[in-house]
Amino acid sequence: MRTRPLVSARLALSLAMAPNSIVSAQRTSPQAPAASVPRAVENRVERALLAIDSRAPASFWASLGAEGLAALAAILDDGSRPVGLRRRAALALRRYDVPASHAVVASLARAPSEDEIVSRNALSVLPTLRGRSALALLEPALEDRRALVRVGAAQALSRLVAEGVLEPRVVARLLEPARDRENEPFVRLAFERALEARPTTR
């Protein structure tokens, strides 16, 4: 049985949602309590996450508004759900660029007992949701005991450099010491690749 995170995704969502907050990246929608997600909405979200042939478009998530984000948090908070579903739910958080989803991502990234791919996927959406402020979560993740989380942190830092959010020298100050301490060859390789990142020419 999976040990529950120290701060659950749904609790983080509940704490972050202010009465007048906007929880859809596409439009303002009425606030929905994180603890009560209509089953029909949760079913729609599950079907979208499990679809093999395509990813649900941004318009789908916008149409669900607050209830869509609450459904993702409910799935992530339920350790009895298939781990593959929870891993996809973590990636889908990128559709909600608002403080409430930032809190859910942070709780997943920090939870030492969480599935490492769920945590890694949460880290992968940080550049989209938080930009430069993602550093506060990415730096400690470079020392996480879970190898794939360390890889995810390096890849997220690489994206921030490629997108021109961080300068290579800033990332080098974090990654070089971590690389020198790293014992896992494939993680060390991920660090090396991230150190090679440069802003993408547009």
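Predicted model: local features only at pLDDT ≥ 70, side-chain atom pairs only at ≥ 80, totals over all residues.
Residues are numbered from 1 along each chain as its sequence is written, and side-chain values use heavy atoms, with hydrogens and water left out.

**View 1. The aromatic cluster formed by Phe60, Trp61 and Tyr96.** The ring centres of Phe60 and Trp61 are 5.0 Å apart and their planes stand at 80°, so this pair is edge-to-face. Trp61 and Tyr96 form an edge-to-face pair as well, with 6.2 Å from centre to centre and 80° between the planes. Because Trp61 belongs to helix α3 and Tyr96 to the loop between α4 (83–92) and α5 (99–110), this pair ties together parts that are 35 residues apart in sequence; helices here are DSSP runs (H or I, at least four residues), numbered from the N terminus. Phe60 is buried at 15% relative accessibility, Trp61 is buried at 3%, and Tyr96 is buried at 0%, where buried means under 20% relative accessible area, exposed over 50% and partly exposed in between (1.4 Å probe, protein chains only).

**View 2. The largest nonpolar core, with 63 residues.** A nonpolar core is a set of buried Ala, Val, Leu, Ile, Met, Phe, Trp, Tyr and Cys residues joined through side-chain atoms within 4.5 Å. The members that touch the most other members are Val45, Leu49, Trp61, Leu72, Leu138, Leu157 and Leu175. Helix α3 (residues 58–77) gives the most to this core, with 10 residues. Apart from residues up to four places away in sequence, Leu72 touches Val45, Leu49, Trp61, Ala89, Ala92, Leu93 and Tyr96, contact meaning heavy atoms within 4.5 Å.

**View 3. The packing of α2 against α3.** The two helices pack at an angle of about 90° with their axes 9 Å apart, the axes being lines fitted to C-alpha atoms over the stretch in contact, and the angles running from 0 to 180 degrees between N-to-C directions. Helix α2 is therefore roughly perpendicular to α3, a term for angles of 65 to 115 degrees, whereas those under 35 count as roughly parallel, those over 145 as roughly antiparallel and the rest as oblique. Among the residues making the contact are Val41, Glu42 and Val45 of α2 and Trp61, Ala71 and Leu72 of α3. Glu42, which lies in helix α2 (residues 39–50), is buried at 7% relative accessibility and, residues up to four places away in sequence left aside, touches Val37, Ala71, Ala74, Ile75 and Arg81.

View 4. After α8 comes Gly164, whose phi is positive, near 80°.

Methods. Phe/Tyr/Trp six-rings, centres within 6.5 Å; stacked < 30°, edge-to-face > 60°.
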